Amino acid sequence: MKVIICGAGQVGFHIAKYLAAEQNDVTVIDQSEELIRKISDTLEVKGIIGFGSHPDVLQQAGADEADMLIAVTFADEVNMTACQVAHSLFNVPTKIARIRSQTYLQPEWAGLFGREKLPIDVVISPEMEVARAVARRLRAPGAFDMIPFADDMVKILGLRCNEDCPVINTPLRQLHQLFPDLNISILGMIRNDKPVYPKGDDQMLAGDLVYLAVSSDQVDRAMSAFGHEDPEARRIVIFGGGNIALFLAEEINNNFPGVTTRLIESDPERARFVAQKLPKKSVVLCGDVLDPELLEEANVANAEAVVALTNDDETNILSSLLAKRYGCPRALTLVNKSTYTSLVSELGVDVVISPRMTTVSTILQHVRRGRIRAVHSLSEGFGEVLEAEALETAPIVGKAIKDIAMPPGVVFGAILRDEKVVMPRANTVIEANDRIVVFAGSEQIKKVEKMFAVRLEYF
């Protein structure tokens, strides 16, 4: 597949990294000579210096033969124009644009994006995506990640194995004997910052980060089995008043009954704007999130969770640690710099939120081939969870899982069949129209796509 990426920032770089690793033909456009030099030296991609919205630059990038254009520059207008030019002059089949300004995304302007107007096939709002990701994590206290799949009937949980975790040092194959009625599948682990793709005799150790698939109606039981029985937060303090913080506060007010929020924003004008947007039961304070007196006024010590969403990584980290010192049991922290991610967890932050990884996951969902319905990236280069539909001529249909030549690092986590969740076992036979939630290590994703590819006679 030939893909053009406009924008060589963090999101553009990581999309290019994923796609180039899978032998796609990737060209990246950016006006920054430094960013293009970095991406060309680091990845197997072609770099072009210029504006991604200019026809001559797109032509130089091979837009007349491109299958997809992904516009993720810092300017919404450049992203929209690039998609328009790619459509009108080069007939690029699929156009994806990152749109940050909420003005373009208001419901009254819903008809703006379409083939007869602004021909963008997929519009991605990073702020909204991140706010939704934070809200999901708030619903599963004790989990550092929670992702819904299969019409929300399956959840992927990311759990940390603490010293008191009841299942550490237990062979994985014994989990079904210990919890015969618990429908979970262990997908993979991260141990000392390195991926572990476990087999039945492997054990979970204290400090491991474990990803598992579980039926949605058994999330609480799965959390309890791993020693996480924290109550859902009823009092939440949000640090920062930007778009992500505002979206999150609105989400909590609309969909978290009985939960109260307090929000701290440093800019007086922005604080007034946020206060006007939120209902009166939400308290908005103006000041520095590192000010001890303000944290006392926000009653951080009695909050069950704080969410640090300012525009500054260092402020987010320090304010989270300060809140923990005051007695708040759980801190969720927005971190943009990937170099901080592993360090922050060791310092005591419970959940690290990466806007880059959230946006990349959303975009990859529209890049994957075969019958791929949903995609989510896990950690930094660990792998992906995909939801794929097994059509009748797919090569795995009619086979028991034990008879499928499964590459190392690929695990079937759950199957949605006739609106029921089936946890796959060795003798489970894949049937036509099964929707399978599958984990794939970063080097095995192409092989998973081929598993679900249909033969030509299907058409």
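In this predicted model, the sulfur of Cys6 has its closest cysteine sulfur in Cys83, at 7.6 Å, which is too far for a bond. A disulfide would call for two cysteine sulfur atoms within 2.5 Å, and the structure holds zero disulfides. Cys6 is buried, with a relative accessibility of 1%. Cys328 is likewise a buried residue, and its relative accessible area is 2%.

Attention can now turn to how some of the helices pack. Two packed helices are described by the angle between their axes and the distance between the axes. Helix α1, covering residues 10-21, and helix α13, covering residues 355-364, have axes that come within 9 Å and cross at roughly 50°. This angle makes α1 oblique to α13, and their crossing is right-handed. On the α1 side, the residues taking part are Gln10, Val11, His14, Ile15, Tyr18 and Leu19, and these meet Arg356, Met357, Thr359, Val360, Ile363 and Leu364 of α13. Sorted by class, the contact of α1 with α13 comprises eight nonpolar, three polar and one charged residues.

A second pair is formed by helix α11 (residues 313-326) and helix α12 (residues 338-347), whose axes come within 11 Å and cross at roughly 15°. Angles under 35 degrees count as roughly parallel, and α11 and α12 are therefore roughly parallel to each other. The crossing of α11 and α12 is right-handed. Here α11 contributes Asp313, Glu314, Ile317 and Leu321, which meet Tyr340, Val344 and Leu347 from α12. The contact of α11 with α12 is made up of five nonpolar and two charged residues, with no polar ones.

Asp151 is not a glycine, yet it has a positive phi of about 55°. Its place is the loop that links β7 (143-149) and β8 (154-160), and Asp151 is exposed there, with a relative accessible area of 52%. Glu419 is also not a glycine and has a positive phi, of about 65°. Glu419 sits in the loop between β20 (410-417) and β21 (420-422). With a relative accessibility of 56%, Glu419 counts as exposed, since the cut-off for that class is over 50%.

Conventions. Residues numbered from 1 in each chain as written. Predicted model: local features only at pLDDT ≥ 70, side-chain atom pairs only at ≥ 80, totals over all residues. Heavy atoms only, no water. Helix = DSSP H or I, 4+ residues; strand = E, 2+ residues; numbered from the N terminus. Buried < 20%, exposed > 50% of the residue type's maximum accessible area, 1.4 Å probe, protein only. Axes fitted to C-alpha atoms, helices over the stretch in contact; angles between N-to-C directions. Parallel < 35°, antiparallel > 145°, perpendicular 65-115°, else oblique. Left-handed = near helix turned anticlockwise from the far one by under 90°. Contact = heavy atoms within 4.5 Å. Nonpolar A, V, L, I, M, F, W, Y, C, P; charged D, E, K, R; others polar.
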